[in-house]
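Please look at the protein below, and then read on for a short account of its rings, its overall build and its pocket.

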Amino acid sequence: MKLAKVLAAGLFVVMGAGTAHAQAAACQPLKTLMASSHVQVKALQGARTTSDKESITYVSKAQLPGFQQCTIQSDIAINDLIDYWEHHLACSAEVASSEEATQAVEALWACTKDSYSERQPAEAWMGGRYRIIGFDAETPAAGRASGLVSFGDTDYARVNVEKAYEDSDEYSLHLYWLFTE
């Protein structure tokens, strides 16, 4: 019986490491996507799925490792309120446990946090310590070295990664590109 418990615990650790590895694999593609130009984002639009008078939703040609069902929603025209063209990549993920989801979010935060010019993690008290269960961040499309986002003047990307709720085994990624063109 002890051997079965040891093997089960080992399997849980390996599965958790696999989830964290999948998110580490999503790290560089996410950084690359955030630096995309308006033309590059439009090139990611696959098959059209839905539309309304303000936007069109497409299957995304970019599928991030560890995430499923990525779509891109693109404005039909520049938004009059914010004076930006906005595009929105949305992806979801579901794993076997809340712990795996937390590890995945933490891994994605750890590998990308230094690439953002402005960032804010969301934490929850879990298992006797604070754990990162989500984050919001943004950076100019020209990269962190170009400075902070100057709203109305800067092409930039904003990312939100979060668990559905603290104990959830689901989490999502939302990447917004805002272009001044």
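## A cluster of rings

Ring pairs link Tyr-84, Phe-151 and Tyr-156 into a cluster. This is a predicted model, in which local features need pLDDT of at least 70 and side-chain atom pairs count only at pLDDT 80 or more, while totals for chains, interfaces and linings use all residues. Residues are numbered from 1 along each chain as its sequence is written, and side-chain values use heavy atoms, with hydrogens and water left out.

A search of the whole structure finds 6 aromatic pairs, where rings of Phe, Tyr and Trp (its six-membered ring) pair if their centres lie within 6.5 Å, and planes under 30 degrees apart count as stacked, over 60 as edge-to-face and the rest as tilted. Two of the pairs, including the one between Tyr-84 and Tyr-156, are set out here.

| Pair | Centre to centre | Angle between planes | Class |
|---|---|---|---|
| Tyr-84 and Tyr-156 | 5.6 Å | 85° | edge-to-face |
| Phe-151 and Tyr-156 | 5.5 Å | 85° | edge-to-face |

## The protein as a whole

The secondary structure comes to 3 helices and 8 strands, which are DSSP runs numbered from the N terminus (helices H or I, at least four residues; strands E, at least two). Along the sequence these elements follow the pattern α-α-β-β-β-β-α-β-β-β-β. Of the 181 residues in the protein, 42% are buried. Among contacts (heavy atoms within 4.5 Å) between residues at least 6 apart in sequence, 57% join residues at least 24 apart.

## The largest pocket

A pocket is an open set of points on a 1 Å grid where a 1.4 Å probe fits, with protein on both sides within 12 Å along at least five of seven lines, and its lining residues have an atom within 4 Å of a point. The largest pocket has a volume of about 180 Å³, a volume being the space filled by probe spheres set on the points. Among the residues that line this pocket are Lys-53, Glu-54, Gln-73 and Asp-80.

Definitions and conventions: Buried means under 20% relative accessible area, exposed over 50%, partly exposed in between (1.4 Å probe, protein chains only).
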